[in-house]
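Visitor: Please take me through a close look at a single part of the surface of this model.

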Amino acid sequence: MVGFSFWEAIWLIFVTFLFITVLMMLFSVIVDLFRDDSLSGWGKAGWIVFLIILPLIGLLIYVIARGKGMAQRSAREQAEAKQSFDAYVREVAGGGAASELEKANALHAAGKLSDEEFAQLKAKILA
């Protein structure tokens, strides 16, 4: 026989969902605390202690008091990550077709490629 009923299983799932949600919110707030450069070390320590002693009330007060700054810091960090990624992609990708055509032209000008080879390479690059 099953040790608990259907409704107890539903209740367990609901409580587990709430627990995981609160944990995710706590981690998000703690990451934001350490991301914030304007808050002093004592301020960060105070918020951490407050979040440990009264987690639900602390989360609510933090989001009300510092929610707008939290969103701004997150958006700024995402923008910096995107810029960094875009710069990396540009660096790795090189110049694309224009860069390849420039290299082929330099080889042709140096006499390393004949007119026919240059025309074939140019057609391949532009295709």
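Guide: Accessible areas are computed by the Shrake-Rupley method with a 1.4 Å probe, and for residues only the protein chains shown count as cover. By this method, the protein chain exposes about 10,000 Å², of which carbon and sulfur atoms supply 69%. The model is predicted: local features need pLDDT of at least 70, side-chain atom pairs count only at pLDDT 80 or more, and totals for chains, interfaces and linings use all residues. Residues are numbered from 1 along each chain as its sequence is written, and side-chain values use heavy atoms, without hydrogens and water.

The protein chain has 5 helices and 0 strands (DSSP runs numbered from the N terminus: helices are H or I of at least four residues, strands E of at least two). Its C-alpha atoms fill a box of roughly 80 × 55 × 20 Å along the principal axes.

On this surface, Val49, Ile52, Ile53, Leu54, Ile57 and Ile61 make a nonpolar patch of about 560 Å². Such a patch joins nonpolar side chains (Val, Leu, Ile, Met, Phe, Trp, Tyr) within 5 Å, and like charges are joined within 9 Å; its residues have over 30% relative accessible area and no salt bridge (a side-chain nitrogen of Lys or Arg within 4 Å of a carboxyl oxygen of Asp or Glu). Helix H2 (41–53) and helix H3 (55–93) each supply at least two of the patch residues, and H2 gives the largest share, 3 residues.

Ile53 belongs to H2 and is exposed, because its relative accessible area is 59% (exposed means over 50%, buried under 20%, partly exposed in between, with a 1.4 Å probe and protein chains only). Arg73, by contrast, lies in H3 and counts as buried, at 10% relative accessibility. Across the 127 residues of the protein chain, 17% count as buried.
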